[in-house]
Amino acid sequence: MRNILVTGGAGFIGSHLVRLLVNKYPDYRIVNLDALTYAGNLENLRDVEGMPNYTFVKGDICDYELVTRLFREYDINGVIHLAAESHVDRSITDPFTFARTNVLGTLTLLQAAKEYWKQPSDAPRRFYHVSTDEVYGALEAAGTFFTEETRYDPHSPYSASKASSDHFVRAFHDTYGLPTVISNCSNNYGPYQFPEKLIPLFINNIRLGKKLPVYGKGENVRDWLYVEDHARAIDLIFHEGKDGDTYNIGGFNEWKNIDLITVLVTAVDCLLGNPEGHSMDLITFVTDRPGHDARYAIDASKLQDELGWEPSLQFEEGLIKTVQWYLDNQEWMDRVTSGDYMEYYNNMYNNR
Ligand code: NAD
Ligand code: TYD
């Protein structure tokens, strides 16, 4: 029996992971702990909320008493930790919130796991920390990649906070023997992503005829992975990864921002029935993000060679699927951008 505490399960990647786990493992108990910040949206999980092996708890990962109570109450033997502040631009204006959630929140979970897992048990135990490739800093030359051995060199408050949490996870493994595993993934895209991130923001702006703010000259390079492929990789690493190890996750799929934006505009126009090139004029070059990392590119060969993981979707296919999803789910987008999504579930859980 596995009783897994997933943190941040109401967010973008967390909701895909929760859906996968709840459907794939009917005999597991999946406890989703999420504070429902602006980025948490239980509407992302409507299809699984009534499943018997799923429990939602509204709460903060920094709340040590709550976290220890959940370990006891559900006899937690696995943690998959995704809860975080995740947007670089927000970290530039509010770095303290990132240090609190990403560093202290991770430390709180580690400490609670260490204490609860002092009791002997036959059940396998694992603390899985979901991290980002941004901890490695920026690559310049084409043809170079982040490997699991690349030195940490974070530049934004977001990546600095994630790097710090990764170090705490390794410290708990090395000092206390906590059975940890870490993965560092490249940029994700797909359904249910909060529209502050490039792809959903731009799809929505094109639909509404609003400007597309491209930072700098649009020359920064990102490595994109479909979110369900990330969730599949997490499932695999959680079950088969080696204790104390790190795995990079990425799709070998680098795009210069301006090239990706051009493909995205073309795809959205096509699916909206607009003439080709109709929305290209919306592209607007704006002041660059401070400390903007030039290029990210992941070498995921360890995960492929050791655990046999492969991305399932080609980028063009994943992008069309994603654009179609946002166009088919305009109500989801409108409720997120208007703030209505916060009301229903927040009221329900605040009254408990
Ligand atoms: P997200 O911002 O969409 O979701 C984060 C979730 O965490 C939200 O549901 C939010 O309510 C919750 N949360 C925030 N603070 C909390 C707190 N104090 N206590 C409990 N819950 C809290 O993020 P995402 O894009 O789904 O990213 C999930 C994880 O994956 C993060 O750790 C992020 O660093 C990592 N990651 C993201 C990407 C990406 O491209 N989005 C890539 C690699 C790694
Ligand atoms: P983002 O989705 O914020 O992810 P990250 O910063 O974690 O890589 O941004 C992806 C890329 O797109 C990044 O190079 C910044 C750029 N970008 C823009 O040019 N304009 C925007 O409005 C946003 C949100 C991002």
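**Entry 1: ground rules.** A polar contact, as I use the term here, is a pair of N or O atoms within 3.5 Å. I keep in mind that I am reading a predicted model.

Entry 2: I started with D34, where an N or O atom of the side chain sits 2.5 Å from an oxygen atom of ligand 1. Next I looked at the backbone. I13 brings a backbone N or O atom to 2.8 Å from an oxygen atom of ligand 1, and a polar backbone atom of G11 is 3.0 Å from an oxygen atom of the ligand. I then checked the cover: ligand 1 has 830 Å² of accessible area on its own, and the protein covers 96% of it.

**Entry 3: ligand 1, the shell.** How many residues surround ligand 1? I find 28, with I13, D34, S86, Y158 and K162 the closest. Sorted by class, the shell holds 13 nonpolar, 12 polar and 3 charged residues. I traced the shell back to secondary structure: α1 (12–24), β5 (126–132), α5 (157–176) and β7 (187–189) each give at least two residues. Which of these elements gives the most? My note says β5, with 3 residues.

**Entry 4: ligand 2, polar contacts.** On to the second ligand. I found a polar side-chain atom of R289 at 2.5 Å from an oxygen atom of ligand 2. R222 also uses its side chain, with an N or O atom 2.8 Å from a ligand oxygen. L198 takes part through its backbone, where an N or O atom lies 3.0 Å from an oxygen atom of ligand 2. Ligand 2 exposes 510 Å² when taken alone, and I note that the protein buries 97% of that.

**Entry 5: ligand 2, the shell.** I list 17 residues around ligand 2, of which E134, P213, R222, R289 and H292 come nearest. Their classes run to 7 nonpolar, 5 polar and 5 charged for the shell. Two elements that each supply at least two shell residues are α6 (198–208) and β8 (212–215).

**Entry 6: K197.** I looked up one loop residue as well. K197 is placed in the loop between β7 and α6. Is K197 buried or exposed? K197 counts as buried because its relative accessibility is 19%, and the cut-off for buried is under 20%. Leaving out residues up to four places away in sequence, I see K197 touching S86 and H87.

Definitions and conventions:
Residues are numbered from 1 along each chain as its sequence is written. Chains are lettered from A and ligands numbered from 1 in the order in which they are written. This is a predicted model: local features need pLDDT of at least 70, side-chain atom pairs count only at pLDDT 80 or more; totals for chains, interfaces and linings use all residues. Side-chain values use heavy atoms; hydrogens and water are left out. A residue is near a molecule or strand if one of its heavy atoms lies within 4 Å of it. A polar contact is a pair of N or O atoms within 3.5 Å; within protein, one must be able to donate a hydrogen and the other to accept it, and residues adjacent in sequence count only if both atoms are side-chain atoms. Accessible areas come from the Shrake-Rupley method with a 1.4 Å probe; for residues, only the protein chains shown count as cover. Helices (H or I, at least four residues) and strands (E, at least two) are DSSP runs, numbered from the N terminus. Ala, Val, Leu, Ile, Met, Phe, Trp, Tyr, Cys and Pro count as nonpolar, Asp, Glu, Lys and Arg as charged, and the others, Gly among them, as polar. Buried means under 20% relative accessible area, exposed over 50%, partly exposed in between (1.4 Å probe, protein chains only). Contact means heavy atoms within 4.5 Å.
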